[in-house]
Amino acid sequence: MPHNQMLKTRSYISHDAQWLEELMNKDWGGLPLVIRGEKYYPPQLDGIIAENEKGVAGFLFFDIRGKDCEIIVFEVFDKFKGTGTILLDKLKDIAKERHCSRIYLMTTNDNLDALRFYQKRGLHICGVHVDSVKISRKIKPTIGMVGDYDIPVRDEIDLEFIL
Ligand SMILES: CC(C)(COP(=O)(O)OP(=O)(O)OC[C@H]1O[C@@H](n2cnc3c(N)ncnc32)[C@H](O)[C@@H]1OP(=O)(O)O)[C@@H](O)C(=O)NCCC(=O)NCCS
């Protein structure tokens, strides 16, 4: 059977709150999430949950403001097998239905896997904020100093997709 044939997406519901909180603590340094000084609480946002026969396979939370749709947090548990692409495609459909003109997000300089993933899926770098992670770290000291591949976490990089 091809991988991900069993994958389905659905909306986040309050029933998901407990596993989500555990994951935010384990993988994201707890809540709030901080993006360039602004605090975000995913349980209060719209979310898409991907599920397969084993349970939750990934999630994507987003925030629509006017014509902009921002990805706030996006994680897949068993990576590089197509789940992220399905979640991103679903978000593109939702953003179009809700009359958005672009999807955008911020990631950090160490997140090479995400930079590769997004750029191969049509998102373009539209901003680089040199050394701006230190501003977010003042609000959220749990943001690590060293990230993926042992790269120092310093810069915030914006990517966008025009719908
Ligand atoms: C970024 C993320 C959500 C993508 O989801 P995913 O399910 O792994 O992505 P898919 O399997 O649909 O796509 C795989 C793509 O990942 C990218 N990729 C990056 N590093 C890779 C690696 N080491 N091996 C394979 N693919 C890799 C490639 O672009 C690949 O696409 P390709 O097959 O066309 O080359 C996921 O990797 C993840 O959860 N990362 C950790 C959390 C995170 O960084 N979230 C985003 C923060 S903004």
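Begin by selecting strand S6 (residues 68–76) and strand S7 (residues 102–108), which run parallel and are joined by four bridges; helices (H or I, at least four residues) and strands (E, at least two) are DSSP runs, numbered from the N terminus, and two strands pair if DSSP finds at least two bridges between them. This is a predicted model, in which local features need pLDDT of at least 70 and side-chain atom pairs count only at pLDDT 80 or more, while totals for chains, interfaces and linings use all residues. Residues are numbered from 1 along each chain as its sequence is written.

Within this pair, show Ile 71, which stands opposite Leu 105 in S7.

Next, select the seven strands of the open sheet, whose order is S1-S4-S5-S6-S7-S9-S8 and whose pairing is mixed. Strand S1 (8–11) and strand S8 (124–129) stand at the edges with a single partner strand each, so one side of each has no neighbour in the sheet. Neighbouring strands are turned by 25° against each other on average, direction ignored, with axes taken as lines fitted to C-alpha atoms, for helices over the stretch in contact, and angles running from 0 to 180 degrees between N-to-C directions.
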